[in-house]
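Hello,

Here is the structure we talked about. Please open it next to this email and follow along.

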2 protein chains.
Amino acid sequence: MGDKTRMEKLAVDPCAFIRPSPSSGVLGGVARATRETILLCEAAGYDVVLVETVGAGQSEYVVADMVDLFLVLMLPGAGDMLQGIKKGVLELADIIAVNKADQAPDQGRRAARDYASALQIMTAADAPWKPPVLSISGLLNQGLDDLWAQMQQHHKIMIKSGLFHERRQEQTIKWMWAMVEDRLLSRFRANPEVKAALPDLMADVKDDRITATLAAEKLLAHFGMGDFI
Amino acid sequence: MGDKTRMEKLAVDPCAFIRPSPSSGVLGGVARATRETILLCEAAGYDVVLVETVGAGQSEYVVADMVDLFLVLMLPGAGDMLQGIKKGVLELADIIAVNKADQAPDQGRRAARDYASALQIMTAADAPWKPPVLSISGLLNQGLDDLWAQMQQHHKIMIKSGLFHERRQEQTIKWMWAMVEDRLLSRFRANPEVKAALPDLMADVKDDRITATLAAEKLLAHFGMGDFI
């Protein structure tokens, strides 16, 4: 699932199916469509399903809860370039690959070393999988075999440790609750009385005229749940 | 708010008030009690309110959404000791202090350096505040003046950049919605029909007999929201 125009070779491979998803709209809706497309691809017999995120907003967190392996692609870059990678993304990473290693080999090596030490701090000593950092070049087709080997190794270790099955079960239950929550909140937000009261209450809360607790109670009362604290 | 028995000097200071909170029970309940106690302390005229977390579970994330400054205390420790700090905690940190620096100065310095480089990767180059890493010794009262100076500096910069007010507003609105969500979900989970259906549905989802989507729909139907997809 991604952008066909950047995948010249893959797009013409009869064994591959590429499908762009809308990146706009309600996150919940996109998440649901993506999840169900993954399921459909699996059912259609595709044994490897790649989901590409836009790298902005909350999309990584949502996708991390759908996949077996989360690969983070980075660019080499010294000093300031390295700073400010999105909070949380390092922690989702099962593998980090620094791409375009051909263009700036020194910077690429430095970036790989920095990411490796940051990852080391964040990984438990007894974790069955320790996220590796690889240097690759998509353009020159360098390091891709090694990357694929690492991905297969991850799969093998996760299966063997039982974590593969466990992660999938957790993801599914989490997803069930996310949908329940999503629906409850949509229904709540769509309620005419709640809608009418919300702007004033938000302003009152922001300007400290009423507490968040009281505002929540008022909203719930509009929804017919005011009697239950 | 913390454990009196470990605060011999502070506990007898007439200007200080220490209150332990229950660390067990529903997280939402503890969060609410803690939030309201902070408010109460502010209203009583205490100008500095310290909230101590147990350092386990989800407590850091919850508390990070209540405070103006999040200070992470670490211990020096080489190699394996450094690994596996809780995922996400580094990203919450406004300041990191490596305590017990007197006991293992070399390890303390190494720990401080490692945290500093990890933080650097995670902080945007143009962020108004770049989290510093300090070495302190609570026992020998070393570095505490510097720590307090950094905390005041953080406060000053946050006020000046407008982020202080912005963060508080965001926290309050987030808290209002968290309470609404919490109440909706409690009501949902307490519904007798939902309760009765849940165990079988969870088992079916875990064993792949039905999809998460279908399970969510069935639960919502039990709650009287089945007509609305």
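**The sheet in chain B**

Strand 1 and strand 2 (residues 95-98) of chain B run parallel and are joined by 4 bridges. One pair to look at: V72(B) has I96(B), in strand 2 of chain B, as its bridge partner. Please keep in mind that this is a predicted model.

The sheet is open and has 3 strands, in the order 1-2-3 (chain B), with parallel pairing. Strand 1 (71-74) and strand 3 (133-135) of chain B each have a single partner strand, so they stand at the edges and one side of each has no neighbour in the sheet. On average, neighbouring strands are turned by 25 degrees against each other, direction ignored.

Helix 6 (residues 144-161) of chain B packs on this sheet. Helix 6 touches strand 1, strand 2 and strand 3 of chain B. Its direction makes about 175 degrees with that of strand 2 of chain B.

**Where the chains meet**

How much area do chain B and chain A bury between them? The value is about 5,500 Å², with 69% of it on carbon and sulfur atoms. The contact involves 55 residues of chain B and 55 residues of chain A. On the chain B side, I121(B), W177(B) and R183(B) lose the most area to chain A. Together they make up 14% of what that side buries.

First pair: helix 7 (residues 163-190) of chain A and helix 9 (residues 212-222) of chain B. Their axes are 8 Å apart, and they pack at an angle of about 45 degrees. The two helices are therefore oblique to each other. The crossing is right-handed. Helix 7 of chain A contributes residues including W175(A), M179(A) and R183(A), and helix 9 of chain B contributes residues including A216(B), E217(B) and L220(B). The residues of this contact divide into 10 nonpolar, 2 polar and 2 charged.

L198(A), M202(A), V205(A) and K206(A) meet Q169(B), T172(B), I173(B), M176(B) and W177(B). Here the residues divide into 6 nonpolar, 2 polar and 1 charged.

Best wishes

Notes: Residues are numbered from 1 along each chain as its sequence is written. Chains are lettered from A and ligands numbered from 1 in the order in which they are written. This is a predicted model: local features need pLDDT of at least 70, side-chain atom pairs count only at pLDDT 80 or more; totals for chains, interfaces and linings use all residues. Side-chain values use heavy atoms; hydrogens and water are left out. Contact means heavy atoms within 4.5 Å. Ala, Val, Leu, Ile, Met, Phe, Trp, Tyr, Cys and Pro count as nonpolar, Asp, Glu, Lys and Arg as charged, and the others, Gly among them, as polar. Two strands pair if DSSP finds at least two bridges between them. Axes are lines fitted to C-alpha atoms, for helices over the stretch in contact, and angles run from 0 to 180 degrees between N-to-C directions. Buried area is the accessible area (1.4 Å probe) that two parts lose on being put together, summed over both. Angles under 35 degrees count as roughly parallel, over 145 as roughly antiparallel, 65 to 115 as roughly perpendicular and the rest as oblique. A crossing is left-handed if the near helix is turned anticlockwise from the far one by less than a right angle, and right-handed if clockwise.
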